[in-house]
Amino acid sequence: MGQVTAKILKDKILQHLRGSLGTYEEKASPKAWWTATAAAVNEYVMAGLTETQKTHSKHDTRAVNYLSLEFLMGRLLSNNLHNLELFDVTKEALAECGQDLTDLLEEEPDMALGNGGLGRLAACFLDSLATLNYPAVGYGIHYEHGLFEQTFRDGRQIERPDSWRDYGNPWEVVRPESNQTVMLYGYVETKYEDGKHKKIWHPGRTIKAIPWDIPIVGYAGSNVNILRLWESRANDFFDWDVFNAGGYVDAQLEQAQAETISKVLYPNDETEAGKELRLIQQYFFTAASIADIMRRYTRAHGKDFSQFTKLIAIQLNDTHPAVAVPELMRVLMDLHDLNWDDAWDVCTNTFAYTNHTLLPEALETWSVGLFEKVLPRHLEIIYEINHRFLTEEVEKKWPGNDEIKAKLSIIQEGHGRRVRMGNLSVIGSHKVNGVAQIHSDLVKSDLFPEYNELWPEKLINVTNGITPRRWLKACNPRLSALIDEHVDKEWPRDLYKLKKLAKLATNAKFQKAYMEIKYQNKVDLAKVIKKLVDVDVDPNAIFDIQIKRLHEYKRQHLNLIHIMALYRRLLANPDYDMAPRVFIFGAKAAPGYALAKDIIYAINKVADKINNDPSIGGKIKVIMLPNYRVSLAEKLIPAADVSEQISTAGKEASGTGNMKLALNGALTLGTLDGANIEIAEEAGEENCFIFGLTVDEVKALNEKGYDPRAVYHNDSEIKEVLDWFDTDFFTPGHPGELSSIKRSILDDGDRYKVLADFRAYSDAQLKVDAKYRDKKAWAKSAIINTATMGKFNSDRSMEDYVERIWNLKKYPRS
Ligand code: 26W
């Protein structure tokens, strides 16, 4: 890419405005300006893509194929501009046209094809793989509707469909010529041929899978890889027989059903519902992806599968694509005539599986009946995998031990037999990883202990990471400029370079510059808050932020109960001494998760009351922002003082928001859970506020027998706050509207130990308050947080995967 000047870009933008959009400078809407700009930038994206693809095919490179039901990409224009190093020059070009780039960026809808952490992690990994020049393809579903849009009506969550493609999407290219056919339902025929049993699957339906390719632009001259998302279409739109027999309407119906598969992302985060459409979604994109991988492979190597595992790695992002294991077996045996042992060798050397959760309700199982109906051949293969595993491996290690066999079996027995996708994934993979050290330890000790005994090398850890390009360079330009000045401009590639800032942590001048940036970011966020919820907040107050999906284990209600306790203290004593604080939440609840929705409602009601109570002198503000998503996170994270990471120890596998917030200088207020532990290790506990029960203490408490009622009766503040939920103080005229929260704690055993941790949390909050008033101490800790987050670069995560699992080589484009 030669020198790109503002003049060149301006000409391209105007050319697209006129030539592609049929409008002109004086008339063009902001949307048109955005589209023209994206089209201009896309020319550079596509050039990089072609060069990268040429390099890959010339070298017949080994690649990783990352299979994920979710990719939470967010917006792409700003990211692509930064990664192409065209941000400043584009800003200049647009300014010459009287347009402001920052405003235009807001025109882009988020690409929200994911729920939360798992989906955003996949997006960060793609950014890093491209940046590091590793050959990689992301595979997923081209959902018509991504995660629902959230609004509040009288404080309650309302879901509306997300339609991210209503105005088209300039970043994607459809490739109808690379379509695949996916089979479903039907029956399996066994034929005896040439002295062998042959299996023939006669599908009851076939669906067409059409790929949409989204270029993934690596940083600063790196590769441009592909994210390939499959859309479902009816296979025989022109089914002439049906059509001519007067079946026009039936043919249309068929089409509508086929297109349902890629219609909508399931909005459940950590609860498994066992729905037929979800199983079909999983198989649909997995089968299309395996067929695509096969097509690429056989084009170069024909039917010689001896090179397969040398060239192909497949990563399963959680168990959602685990049906890939029997699918690859089917393809190798039924379509390419490999025998069982050879096919199984290929499979187990190809697949690796990442576990993202220990929560029992999130571990996927499918009823055998449903599985058999949708995927009859795959169930047969699963039975055979299971039989060989149990009789060969388990029997050898634990002869005659039926209890262990029952536990390790892919099939869960009992009434309503079920297929366990976790067990299938472990058995079918050569490596299984957790996503933070403590999580991986728990995967070994609690989730899969016997598998760990059987295969001691299989279960490993790779700690998650985040891309510093999006989560510092692009979202926090002020801090990035300061770092450019005091470190150098190479830090977005090598985040460990930030370590250099630690020496400046006590330098008064640097502290001032750093905290001034934090202040300006808070001023910006205050404007966003004003616009979204019409509440004034003071940028001098502590900005205390909890942003993540709403779930009991993440304990937004612990935060809320503490806010209510503070409010009571202020009502009792208007002079109660505290630094002004703005508590900010962003969270979507799964539409079917009643208690999560009640917690959102409670936060909104408490916010209403507190924000409008003049008697507390504005010392507390509570903000619940609607429609939390990647693009909103990018505005919140640079402005945070406190990062709330308060899950019950042992429940949050890793967390990645914790890394983004610490990198941007927020101090972690957290439990010893997930990656918080590693963040505290890197930053030093003295620069975080660690509180609460540890994993071992939670276990001990459970064994001893935990009684939340005892805590309730022994702590008058806790009792008063919980009792408040039953009154109509926050919901005038409607007592009991908030009672479900109290009930979940007192009547349902407080599964997530909210009361057990309350006092420790409240004490930690007092320490936050005291430290914030010591400006120098706070600035020092904030700077050290930024300086020490190098480990959490997703480039480091990718290098770990490459070294421990994928074994890839870098191929810079020539
Ligand atoms: C089957 C229903 C279902 C749907 C989604 C179960 C589980 C999930 C995901 C695993 C939820 C998820 O996003 N997990 C998060 O993954 C992040 C990336 O590894 C971690 O940082 C979070 O701690 C984990 O909750």
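Start at Ile542, which stands opposite Arg581 in strand β21. Strands count as paired here if DSSP finds at least two bridges between them. Helices (H or I, at least four residues) and strands (E, at least two) are DSSP runs, numbered from the N terminus.

Before going on, two notes on the source. This is a predicted model, where local features need pLDDT of at least 70 and side-chain atom pairs count only at pLDDT 80 or more, while totals for chains, interfaces and linings use all residues. Residues are numbered from 1 along each chain as its sequence is written, and side-chain values use heavy atoms, with hydrogens and water left out.

Back to β20. What does β20 form together with helix α22 and β21? The three make a right-handed β-α-β unit, with α22 at residues 556-572. Right-handed means this: with the strands pointing away from the viewer, the path from the first strand over the helix to the second runs clockwise.

β20 also pairs with β23 (residues 642-645). Two bridges join them, and they run parallel. In β23, Val642 is the bridge partner of Asp544.

Is β20 enclosed or open? Six of the six residues of β20 (residues 542-547) are buried, so the strand is largely enclosed by the rest of the structure. Buried means under 20% relative accessible area, exposed means over 50%, and partly exposed lies in between (1.4 Å probe, protein chains only). Look at both faces of β20. Ile542, Asp544 and Gln546 are buried on one side. Phe543, Ile545 and Ile547 are buried on the other.

Next, a helix. α16 (residues 421-428) is mostly covered, with eight of its eight residues buried. Among them are Met421, Asn423, Leu424 and Ile427.

Now the ligand. Which residues come nearest to it? Of the 21 residues around the ligand, the nearest are Glu270, His356, Asn464, Glu652 and Gly655. Near means that a heavy atom of the residue lies within 4 Å. By class, that shell has six nonpolar, eight polar and seven charged residues. Here Ala, Val, Leu, Ile, Met, Phe, Trp, Tyr, Cys and Pro count as nonpolar; Asp, Glu, Lys and Arg count as charged; the others, Gly among them, count as polar. Helix α6 (residues 117-131) gives the largest share of the shell, three residues.

Check the backbone here. A backbone N or O atom of Gly655 lies 2.8 Å from an oxygen atom of the ligand. For Leu118, a backbone N or O atom is 2.9 Å from a ligand oxygen. For Ala653, that distance to a ligand oxygen is 3.4 Å. How much of the ligand does the protein cover? The protein covers 97% of the 580 Å² of accessible area that the ligand has on its own. Accessible areas come from the Shrake-Rupley method with a 1.4 Å probe; for residues, only the protein chains shown count as cover.

Move to Thr463, in the loop between β19 (459-461) and α19 (468-474). Thr463 counts as buried, at 4% relative accessibility. The side chains of Thr463 and Glu678 are joined by a polar contact of 2.7 Å. A polar contact is a pair of N or O atoms within 3.5 Å; within protein, one must be able to donate a hydrogen and the other to accept it, and residues adjacent in sequence count only if both atoms are side-chain atoms.

There is another sheet to see. This open sheet of three strands has the order β15-β17-β16, with antiparallel pairing. β15 (365-367) and β16 (411-412) stand at the edges, each with a single partner strand, so one side of each is left without a neighbour in the sheet. Three bridges join β15 to β17 (residues 418-420). Ser367 stands opposite Arg418 in β17.

Last, some backbone angles. Most residues other than glycine have a negative phi. Glu85 has a positive phi, near 60 degrees. Glu85 sits in the loop between α3 (77-83) and α4 (87-96), and is exposed, with a relative accessible area of 54%. Tyr185 also has a positive phi, of about 60 degrees. Tyr185 lies in the loop between β8 (180-184) and β9 (187-193).
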